[in-house]
Each structure stands twice: as structure tokens, then as C-alpha cells.
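Have the viewer open while you read.

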Amino acid sequence: MITLATVVRRKPDVMTAEFDGEIVLMDLSAGAYFGLNATSSDIWRHLAEPIRVETLCQTLAGEYQGDPAVIENDILALLQTLETRALLDIVP
């Protein structure tokens, strides 16, 4: 389970393509793809290097100037989905 204390990064072997500001992730080993909207694509860009989820939430709350609780919940849900689809690494 991903929490605010978890450190995450995107899996380096996931292929990506960008179309009109949105990213499509391609997992060649699984033969699957996953489309991200503009906001999720921005989150994906932040995952290039290991980052603590709490830091990611704070950064994006500042960038989007939204309700921090809503942003936190949305980020945690996205990260959980990415982990379930084997697109995310949890860094010890």
C-alpha cells in the first residue's frame, strides 16, 4: 500500500509517448498500454526520479493551488493504480 511516506518512481523500462500534452504508457512485457490525462501526465513527469509521495503532493498542491486533501487523495489513487499495473517502483 502506498502512503505519504512511500518513495516512488516510474519504472525505467516503461515506454512512453506524448500526444497533445497527454502521455501514453506502454508496458511491452505485458503487451498493455495506459493513457494518462494532462494532470496525470504531469504527475508522471515528476516520477522520473525517486520522490516521497508527501513531497509530490506538496509540490502539486502548490502548482495547482487546489484543496491539498483532494490533491493528496487523487495522487494516492493514481499511484496505487500505476503500481497495480506494474508501472511504478516503490523505492526502499
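A residue is called buried here when its relative accessible area is under 20%. By that cut-off, the buried residues of helix 1 are S40, S41, D42, I43 and W44. Keep in mind that this is a predicted model.

**Helix 1 and its surroundings**

What sits over those buried residues of helix 1? The cover includes strand 1 (7-10), strand 2 (15-19), strand 3 (22-27), helix 2 and helix 3. At the start of helix 1, N37 puts a side-chain oxygen within 3.1 Å of the backbone nitrogen of T39.

A38 also belongs to helix 1. A38 has a relative accessible area of 43%, so it counts as partly exposed. Setting aside residues up to four places away in sequence, A38 touches G21 and E22. There is also a C-alpha to C-alpha distance of 7.6 Å between A38 and I23, with 15 residues of sequence separating the two.

**How the helices cross**

How do helix 1 and helix 2 meet? Helix 1 (residues 38-46) and helix 2 (residues 53-64) have axes that come within 11 Å and cross at roughly 135°. That angle makes helix 1 oblique to helix 2. The crossing of helix 1 past helix 2 is right-handed. On the helix 1 side, the contact uses T39, D42, I43 and H46, and these meet L56, T59, L60, E63 and Y64 of helix 2. Sorted by class, the residues of this contact come out as four nonpolar, three polar and two charged.

Now for the next pair along. Helix 2 packs against helix 3 at an angle of about 130°, with the axes 9 Å apart. Because of that angle, helix 2 is oblique to helix 3. Helix 2 passes helix 3 in a right-handed crossing. The residues involved are V53, L56, C57, L60, A61 and Y64 from helix 2, with P68, I71, E72, I75, L76 and L79 from helix 3. By class, the contact of helix 2 with helix 3 has 11 nonpolar residues, no polar ones and one charged.

**Two positive phi values**

Most residues other than glycine have a negative phi. Two loop residues are worth checking against that. Q65 is in the loop between helix 2 and helix 3 (68-84), and its phi is positive, near 50°. A86 is in the loop between helix 3 and strand 6, and it has a positive phi of about 60° although it is not a glycine.

**D89 in strand 6**

Is D89 buried or exposed? With a relative accessible area of 17%, D89 is buried. D89 lies in strand 6 (residues 88-91). Its side chain makes a polar contact with the side chain of K11, at 3.1 Å. Apart from neighbours within four places in sequence, D89 is in contact with V7, V8, R9, R10, K11 and P12.

**Accessibility side by side**

Here are the single residues discussed above, with their accessibility.

| Residue | Relative accessible area | Class |
|---|---|---|
| D89 | 17% | buried |
| A86 | 37% | partly exposed |
| A38 | 43% | partly exposed |
| Q65 | 71% | exposed |

How values were computed:
Residues numbered from 1 in each chain as written. Predicted model: local features only at pLDDT ≥ 70, side-chain atom pairs only at ≥ 80, totals over all residues. Heavy atoms only, no water. Axes fitted to C-alpha atoms, helices over the stretch in contact; angles between N-to-C directions. Helix = DSSP H or I, 4+ residues; strand = E, 2+ residues; numbered from the N terminus. Parallel < 35°, antiparallel > 145°, perpendicular 65-115°, else oblique. Left-handed = near helix turned anticlockwise from the far one by under 90°. Contact = heavy atoms within 4.5 Å. Nonpolar A, V, L, I, M, F, W, Y, C, P; charged D, E, K, R; others polar. Buried < 20%, exposed > 50% of the residue type's maximum accessible area, 1.4 Å probe, protein only. Polar contact = N/O pair within 3.5 Å; in protein donor to acceptor, adjacent residues only side chain to side chain.
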